[in-house]
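Me: Hi! Could we go through this one together, a bit at a time?

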Amino acid sequence: MRAMQRHFSFRLFSIALVLLLAVVAMTLGGANAAAQSGEEPAAPLTSLHPVFALRDATGANVLESGQPVSTMQTCGACHDTEFIAGHSFHADLGLADFTAPGTTSSGRAWDTSNGLFGKWDPLTYRYLTPDGDERLDLSTAEWLMLLGPRVAGGGPATTARAGEPLTALAPDAANPETSLLHADGAVTAWDWNESGVAEMDCFLCHLDQPDHAARTAALAAGDFGWASTATLAATGIVTKTADGWQWNAAAFDAGGELLPQNVRVQDPTNANCAQCHGIVHTETDTPLTFAGCDLDNPQTATTGQVISPQKISESGANIAGKSDLARAWDVHAERQLACTDCHYAVNNPAHAQEADDTRPSHLLYDPRRLDIAEYLERPDHNFARGQSAQYTVAPELKDTMRRCESCHSTESHADWLPYVDRHMSVLSCESCHIPRLYAPAVEQVDWTVLEPDGSGVVTCRGVDDPQSGVDALIEGYTPVLLMRENIDGEQRLAPYNLISSWYWVYDDADGNARPVRQVDLEAAWFDGESYAPELLALFDADDDGELSATELRLDSDAKTAAVAERLAGLGLANPRIEAEVQSYSVNHNVARGEWATRDCQSCHHDEAATPLQLAGYMPGGVVPAMVGGANIAASGTIQPGADGTLFFQPEPEQAGVYIFGRDRVSWVDWLGLATFLGVLALVTVHAGLRLYVAWRRPRHEPETQRVYMYDAYERFWHWLQTIAIILLLFTGLVIHRPDMLGMFNFRNIVWVHNMLALILLLNAALALFYHLTSGAIQQFIPRPYGFFDRAILQTKFYLYSIFKGEPHPMEKTRSQKLNPLQQVTYFGLLNVLLPLQIVTGALMWGVQQWPQVAAMAGGLPVLAPLHTLVAWLFASFIVAHVYLTTTGPTVLTDIKAMVTGWEDVEVHAYPGAQTEQA
Amino acid sequence: MSEMMKRYLWVFGLLGVVLVIAIPAVIFWPRSASTATDPWDGLPAHVEHTSHANIVEGPFATGQEVTQACLECHEDAADEVTHTVHWTWQSDPVEIPGHDNVVEGIGKINLINNFCIATPSNERTCMTCHTGYGWEEKPYDFEKTDNVDCLACHADTALYAKGEYGNPAEGVDLLAAAQSVRNPGRDNCGKCHFDGGGGNNVKHGDLDESLLFPSENLDVHMGRYDFLCTDCHQTEDHNISGRMLSVSVDDENQVACTDCHEADLHDDERINAHTATVACQTCHIPSIALKNPTKVTWDWSTAGQDKPEDHYTFLKIKGDFLYEKDYQPEYLWYDGGVSYRYLTGDQLAADGPTLLNPPSGSIDEAGARIFPFKVHRAEQPYDVVNNYLLPPTTSGEGGFWTTFDWPSALELGAEANGLEFSGEYGFAETWMYWPTTHMVQPKENALQCEDCHADNGLMDWEALGYPGDPIEWGGRNVQQ
């Protein structure tokens, strides 16, 4: 009872304290973010987290010591913070695989790791200097100051490259880990014991209102030890005064633990992730606005991805055609998925996947797994990731995430998309379901020149004027499809943004290539605050004393040489321009079916796979190359465009993709067309000569006799095959060149083509059966005896005798309908062309059912051109075939015969012929 | 076989060949699985109405004479009207949830609401909206077909208006009105249904004068497609379909979205999965009172005070009230009926507000769906001794609006409603539920996932009976 009373009075005391705090906070106004939201009554407690004390690095309560909070000590009281910091790429950032320059997969001569700590990025430009380099650019300390907004702490912010604590290093201006480069080029030593280190900042991701700005400011100022404390600035627990950070005793209870309402610990929300990664907008009542291409939002700036459930049409951004875009920026955000639903902690028992290869095959499910208490003590802070182009980052975690197809079935496509499996085997889901990005993204970065503020020139795509801020018209951009190589070796086309970069490189004293330091660039470009007069004179075409966007370019050898000379004057050996293209994978901003690409001709069209502009100009005329280490196969080329621009032309055929309606082998078409036109020309000349001869010397009508030449089945078989082949040729042409015959529905035409092929195949099989059983097959087999003589005779007839009105050299009878030339033609047609066409066609149809069979035959790139070539030959055959039917006693005799069965054959005829009278 | 036949035999052959190709093509042609019906099939045909300008001849001295003229041709019309609730203002005998006996019939004629409370003894103003003339006679003769007011629904509203006791307003040119007759437009229905409760949009919240000239973002049916009320409230023999929870206890003769639309018409399977649990209205009517505010609270206890008046906050005759624009509905399970209906003379709730017409339905009831309601909360007079609501006489002689004297107005009202008045009165809190079903929004404006499923979404999941947001905790488990 007494305990309850004490508890009650304690609660009263707490409430009084809260009220007091609220009053103080409101009076203080802006000093405290709690006051900003202070209009509401005390927010309901959202956290299940128990109360705890804030402890400094020695484990003492910060209220007593006044020291910065240590997350390792504070959170480490219950959670295994050492384990967490040791199992987190967000902390490590590449420190673990830090290596000698030039040995990473990127192919850059100066990269030292695969992560933010050591992988040079032309967007941020500054280079983390390895030990032993001639010139210091970024020391570890300055790296943390500069990239602090994207560094969660721990890893390289607490640990030296060799593994010892940073605080164990003695200040030394010669060591890039314990020094600092100043703007004037001077280098001083850095004392980590004085600055403190930035421990992994649990608060940054686990508080509902972390103060990212205050933390960034602390890091930028070099107050690394106070960074985690600054993250609490918006909570009212700590306040920044002129003397530094002051802990507010009122935020704690008498025992020195935080009051429950100040424990705002939670699972990370999208907003937590957004602090470092990119634009996330969850307040759907407020229209989303953004200034394009802001490198503070790296994911958005590099790809145009915006994570928001808000409809694009409801956002405040000035997007072209916005009112028609009544769909969410990201369907997964719309459907209430959080970042952590896919990018979960890899040992989170709610999500963790059981690797198939670690499970005995007799088990379907292994129930032995972490329970929630074990997980909460040691949550693995490596988060599941896909296999995107930022491929080198956290390589051991590649493909730990559930991808689209792990959650979604492709069956829903079946009611409209033919060849579903085929499409899925070539296209990633993102290819169609991220049709366009509606935020601007970086296109080109030019560090060969400097803006007056000392930065490189950044150009964005998808926006008409990146300089004009929120009122610029955003058109968005269509990402380019590159062939992504997945972990399992499969390849899929997937959407990417490509960013091209130009920059100066020099050889240092040791002969190592390094990007020219920003401080050296500034020395080369500027004398004091303004451009060097000689460069200004050279670049300032309109003599207005300023360099406009078009003037500030290395567009002539003289300008390049002038800058190179000034760089050389700084002692930089062999200054030269290098250029590269980085690929940024686009995997978010997924749209659901009705908004996805679903028009066949988006791909099945002559002009599909439109090129992506890489750059509006090429500094120094240097053509960039793709940076290594990305998981993309060659599937396009970098090509100069008009006016000095540069394009990436996707060429999926390079990766073995053959897209009907887009791809074709031009020599096949030219050869086929030439054959077709050649035959057409030949018969035209022949017909012309026959007409001329007939006009000069009227031909005497040969005596004829009616013979029942073709029975009903033969005629039915013939005409069915005729119609099928003609329609197959036509539908095949539509599939081959949908750009020329765009009025037809591609999908339906493919279906008709397949159905006709089946009819043709059945008809051919039945006809074969008929000819075999009736013995009529013999007519099609050339008799060796006298064959050549008769063939020569027949040839002579077509070449000479026909013009003289001479009778046919061969008797046409019911049992011997074909002359030797026909025999040899049909022999080839029926034994070579038709089977070839059927087999290639069936295999192409079979890429859906049995893709491996088609693959064994060389896949579509072999089958399709072959099919096309044979189709041309069939078309040519039809021309000759139809023409030769006119060479009978009268022009229409043979055609009539195939219609009625009765043919008027010349009377030196076969005595046993069945006559009409008979 | 004749020579002629033989000659054209090939045509049959060709036909055979073509059929061999065409028949499989037709049989196996890939079809989309969708067999959606066309919602336009649900609409009645709009027939051009014959102009009566040259048909009707006056002169007319009274409304009844106009009706007689109508009946010369439309012989059954008035008889039909007298069999509808628009005339009787009461239902057939019905079982009332929460009551043991079957009552003779309920309706405007005998129910208490929490706006102007009750019609008996207030006939002068209330019956302005009755489809008949002359309710000053008491008891009213429901058999007298001459009293049917054809003009209320069929005359041009610019030429006709109703006044006291349902009679034509003073100064109306009855001949001109009679010559203007036509099919009822939104204005005819709106005259009463937009202005119920004594002003524009006071009662419903989703029916107001903005619907006379609506934009498509106000109501997609009336705005985008220019629907008339009668397109949905289809009418046979003058019996207009539609049912309102404020005066009914069931959903017989109700109009439903699914009369025209299929429930699973969404492209998105995930949304279709909602339709068994969530009414169409819930998503497609995110808020009501989009143009004109609607009354959400009414405190009769301050009526009569001499305070500065304001149309939207206080009137001496009515007391204090609050209006809200862009009203956010409250969401409740609803199966089309009520779990209780307060009848005149019922005791007040033992604790908490008295719910006059709480909708029935619960998470455990398969037929119930989550439905949006406007809830009107009022303080209205009751008899402290007898513990029941008292309907005051408001307008007219001795009415509160004239005398500002509660005891006498309540005494008059009690008598007209067959109640005893003890003389001691107070003010009791009552809630009244108004289902929200107009101001339907196009899909672009419908509620989105995050509106309900994000933190602080619109639904109070626990109040609805879920353990938590069903997106994570799972949906209800009932046998459909």
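This is a predicted model: local features need pLDDT of at least 70, side-chain atom pairs count only at pLDDT 80 or more; totals for chains, interfaces and linings use all residues.

Me: OK. Where is B:Pro59, then?

Reply: B:Pro59 lies in the loop of chain B that runs between α2 and α3 (63-73).

Me: Let's zoom out. How many helices and strands does chain B have?

Reply: Chain B has 18 helices and 12 strands. Its C-alpha trace spans about 110 × 70 × 45 Å along the principal axes, and 37% of its 480 residues are buried. If you take the chain B contacts between residues at least 6 apart in sequence, 67% of them join residues at least 24 apart.

Me: How many residues of chain B are in contact with chain A?

Reply: There are 22 from chain B, and they are in contact with 24 residues of chain A. On the chain B side, α2 (9-28) and α16 (449-453) are the elements that give two or more residues. The biggest share comes from α2(B), with 10 residues. Sorted by class, that side of chain B has 13 nonpolar, five polar and four charged residues.

Me: What covers the buried residues of α25(A)?

Reply: The cover includes α2 of chain B, along with α24 (712-736) and α27 (820-845) of chain A. Among the buried residues of α25(A) are A:Phe746, A:Ile749, A:His753, A:Leu760 and A:Ala767. The helix itself, residues 746-774, has 29 residues and reaches 41 Å from first C-alpha to last, close to the 42 Å expected at 1.5 Å a residue. After α25(A) comes A:Gly775, with a positive phi near 80°.

Me: You mentioned α27(A). At what angle do the axes of α27(A) and α29 cross?

Reply: They cross at roughly 140° and come within 9 Å, with α29 being residues 860-884 of chain A. Angles over 145 degrees would count as roughly antiparallel, so this pair is oblique. The crossing is left-handed. Residues making the contact include A:Leu833, A:Leu836 and A:Met844 of α27(A), and A:Leu863, A:Val870 and A:Phe877 of α29(A). By class, the contact has 13 nonpolar, four polar and no charged residues.

Me: New topic. Is A:Asn589 buried or exposed?

Reply: A:Asn589 counts as buried because 29 C-beta neighbours lie inside 10 Å. This residue is in the chain A loop between β12 (573-585) and β13 (612-615). Although A:Asn589 is not a glycine, its phi is positive, about 65°.

Me: And B:Asn456, buried or exposed?

Reply: Exposed, because B:Asn456 has 4 C-beta neighbours inside 10 Å. B:Asn456 also has a positive phi, about 60°, without being a glycine, and its loop runs between α16 and α17 (461-464) of chain B.

Me: Last one: where is B:Ile317?

Reply: In the chain B loop between β6 (314-315) and β7 (319-324). B:Ile317 is partly exposed, since 15 other C-beta atoms lie within 10 Å. Beyond its neighbours within four places in sequence, B:Ile317 is in contact with B:Ala303 and B:Trp401.

Notes
Residues are numbered from 1 along each chain as its sequence is written. Chains are lettered from A and ligands numbered from 1 in the order in which they are written. Two residues are in contact if their C-beta atoms, placed from the backbone, lie within 7 Å. Helices (H or I, at least four residues) and strands (E, at least two) are DSSP runs, numbered from the N terminus. Ala, Val, Leu, Ile, Met, Phe, Trp, Tyr, Cys and Pro count as nonpolar, Asp, Glu, Lys and Arg as charged, and the others, Gly among them, as polar. The expected span of a helix is 1.5 Å times one less than its number of residues. A residue is buried if 20 or more other C-beta atoms lie within 10 Å of its own, exposed if 12 or fewer, and partly exposed in between; C-beta atoms are placed from the backbone. Axes are lines fitted to C-alpha atoms, for helices over the stretch in contact, and angles run from 0 to 180 degrees between N-to-C directions. Angles under 35 degrees count as roughly parallel, over 145 as roughly antiparallel, 65 to 115 as roughly perpendicular and the rest as oblique. A crossing is left-handed if the near helix is turned anticlockwise from the far one by less than a right angle, and right-handed if clockwise.
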